[in-house]
Amino acid sequence: IVWITVAILVALFSVQRFGTDKVGYFFAPVVILWLLLIGGVGVYNLVKHDIGVLRAFNPKYIADYFRRNKKDAWISLGGILLCFTGTEALFADLGYFSIRSIQLSFGFGLVPSVLLAYAGQAAFLRKYPEEVANTFYRSTPTVLFWPTFVLAIAASIIGSQAMISCAFATISHSQALGCFPRVKILHTSKQYQGQLYIPEVNFLLGFAACVVTVAFKTTVVIGEAHGICVVLVMLITTLLLTVVMLLVWRMNAWCVALFFAVFMASESVYLSSVLYKFLHGGYIPVVISAVLMAVMIVWHYVHVKRYKYELERTVSPDKVRELLDGRDLRKVPGVGLFYTDLVQGIPPVFPHLIEKIPSIHAVLLFVSVKHLPVPHVDMSERFLFRQVEPREHKLYRCVARYGYRDPLEEAKDFAANLVERLQYYIRDVNLYGVDVDAKAGKVSYPSSRCDSMARSTRRSSMTMTMQQHYSSASYTESLVLARARSTSSGATGRMNMNGMIMMPSASYTERERQGRSIYAEEMMTPAESFSELAMQVVPSGRYAASSQQLFQAAKMSLEEMAKIEEEQRYIEREMEKGVVYIMGENEVVARPHSSLLKKVIVNYVYAFLRKNCRQGDKMLAIPRSQLLKVGMSYEI
């Protein structure tokens, strides 16, 4: 039986690479059949043996049970706890299913079936109390024994699948928040982003499951281990939910106190019961949790220390200018993406690179990839840009923001999206004058003003295709007109806070009546010539004076618009010459005067984790032929 169980576990962990959705296609019918079967058998036992056991739903019998059995009743709570195990994994299912689907399946499928099954077994035991050791199969009708046996094995496999999916989701979120070493995360579904597969975690979890199965051989010890795991998760959930109710939902303090008192009291009683058998298997999840927590604490501690080290040693603007104005510095064609953890400031590894290799790319971007504590970040809000002084060297800072459920693109797609948004940024900063003071050190993203970022990527790419296809009006003229419109006053036009330019054209009254505004992207369609666009703005002699002012402003800005277009084309040309990804290969060591514990943690434990986990270039899927690593030592 033990080795058959091991074979089933190996098969279960082997199919994880195909994705939860594909595994679920097989599991879903099995779960439905299982719930219908145990519910039907429960009804059969109630009707056949003793329907009077339904009186057990009266809470009075709880008090009678404890008064009659005293200490034995308290010890038995550890076994009773196993009746509702699995509910602690519901939070992980939110990454795979909607809240409503979980509520419906739990309330109208799982709960009634389980209650009927346990009530039916109680009715059977009223008549055959000597069969208490094997109540489930003894209470099943003989003709249904083998179907029940097969479905029971399948249901236990499905229960394991729920915990595997929970492990993948938890590790993914922890890594996104910088609390876990880098591991390879694969998104197995194009439709559902929350469905993940982590090869390293899958292997370690499968190996641990097989070791525990072979070592303990029976479900008695494993059941004790499961019980303490479940009750600890419930306690932690109660504590965290109390914090959320106070700080996020801002509920009445008395209601929160009542919730905390009721749930914490009942869960503490269960915890005391399972701790009574701590040495009989309850220590297993505690030991595993302690190891995982140690790994997470070490990784997060060094990660924060390294970040502070870089932040305290950022390169000053004067030093950057001195480095870039050096006579030996050579311009290299192409675009360079310099990855750094810093959101502001130039990392100390940059001057180290210039000293060792006195060259710089024609366009250089300091890229910082950040995972925010939110599920998703829309593509329109993903990139934040700011130009770095001195401006003549085409240096930019970019912050790429992802939610903890957002997948990272391939390096090629990432670079293409980044450069496209950079062109929008250059256009918008010069067109609307929306930028930040370099001394303020803040990052801005004004391109949502001009390219209607609320629209889909398909719409944006379609507009760019039209701009390349049509030649009846130049891109510069379109920009001039948009700028003249945004800067003109009175009846010529107005701009709202969302960056939408609202024009007094012939159809303006109708659009206003429909509650629709005209986006700048809509008005800069190259299919319309400069004069045609002007005619839309000035449909009659009523706006003749405004029209002359608009054209005068346009002529004055033609040179500036041509400069913007040339800068954008310059970046496109450099992009075509190639992209090089630059990463700092920083070795982190403890300072010589540090304590022995700190030296062990930083020099050995962290170094071991970093060496045996995935490197940043692999996480970002950067081709090795385009990768440049710069080595440097940090003493923390």
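## Overall make-up

The protein has 24 helices and 10 strands. Of its 636 residues, 42% are buried. Among contacts between residues at least 6 apart in sequence, 77% join residues at least 24 apart.

The model is predicted. Its average pLDDT is 76, and 76% of the residues score at least 70. Residues 435–544 form a stretch with pLDDT below 50, although this stretch has 183 contacts in the model beyond near neighbours in sequence. Where pLDDT is low, the predicted coordinates should not be read in detail.

## Transmembrane annotation

An unreviewed UniProt entry lists "transmembrane region" for residues 27–47, 73–92, 104–124, 136–156, 201–219, 225–249, 256–276 and 282–302. Two of these spans can be described from the model. Residues 225–249 are 92% helix and 0% strand, with the end C-alpha atoms 34 Å apart. Residues 136–156 are 71% helix and 0% strand, and here the end C-alpha atoms are 14 Å apart.

## Packing of α1 and α9

Two packed helices are described by the angle between their axes and the distance between the axes. For helix α1 (residues 2–14) and helix α9 (residues 199–216), the angle is about 170 degrees and the axes are 10 Å apart. Angles over 145 degrees count as roughly antiparallel, so α1 and α9 are roughly antiparallel to each other.

On the α1 side, the contact is made by Val-2, Trp-3, Thr-5, Val-6, Leu-9, Val-10 and Phe-13. On the α9 side, the residues are Asn-202, Leu-205, Gly-206, Ala-209, Cys-210, Thr-213 and Val-214. The residues of this contact divide into 10 nonpolar, four polar and no charged.

Asn-45 lies in helix α2 (residues 20–48). Its relative accessibility is 2%, so Asn-45 counts as buried. Leaving aside neighbours within four places in sequence, Asn-45 is in contact with Asp-50, Gly-120, Ala-123 and Ser-139.

Ser-139 is found in the loop between α7 (135–138) and α8 (145–176). With a relative accessible area of 4%, Ser-139 is buried. Apart from neighbours within four places in sequence, Ser-139 is in contact with Val-41, Asn-45, Gln-121 and Phe-124.

Which helix holds Glu-224? Glu-224 is part of α10 (residues 219–247). Glu-224 has 17% relative accessibility and therefore counts as buried, the cut-off being under 20%. Not counting residues up to four places away in sequence, Glu-224 touches Lys-277, His-280, Gly-281 and Gly-282. Glu-224 and Gly-282 are 58 residues apart in sequence, while their C-alpha atoms are 5.4 Å apart in space.

## Exposed loop residues with positive phi

Lys-70 is found in the loop between α3 (60–69) and α4 (71–80). Its phi is near 50 degrees, a positive value in a residue other than glycine. Is Lys-70 buried or exposed? The relative accessibility of Lys-70 is 58%, so Lys-70 counts as exposed.

Lys-217 is in the loop between α9 and α10. Lys-217 is not a glycine, yet has a positive phi of about 65 degrees. With a relative accessible area of 58%, Lys-217 is exposed, since exposed means over 50%.

Notes: Residues numbered from 1 in each chain as written. Predicted model: local features only at pLDDT ≥ 70, side-chain atom pairs only at ≥ 80, totals over all residues. Heavy atoms only, no water. Axes fitted to C-alpha atoms, helices over the stretch in contact; angles between N-to-C directions. Helix = DSSP H or I, 4+ residues; strand = E, 2+ residues; numbered from the N terminus. Parallel < 35°, antiparallel > 145°, perpendicular 65-115°, else oblique. Contact = heavy atoms within 4.5 Å. Nonpolar A, V, L, I, M, F, W, Y, C, P; charged D, E, K, R; others polar. pLDDT = per-residue confidence, 0-100. Buried < 20%, exposed > 50% of the residue type's maximum accessible area, 1.4 Å probe, protein only. UniProt positions renumbered as here; feature names shortened; annotations may be inferred.
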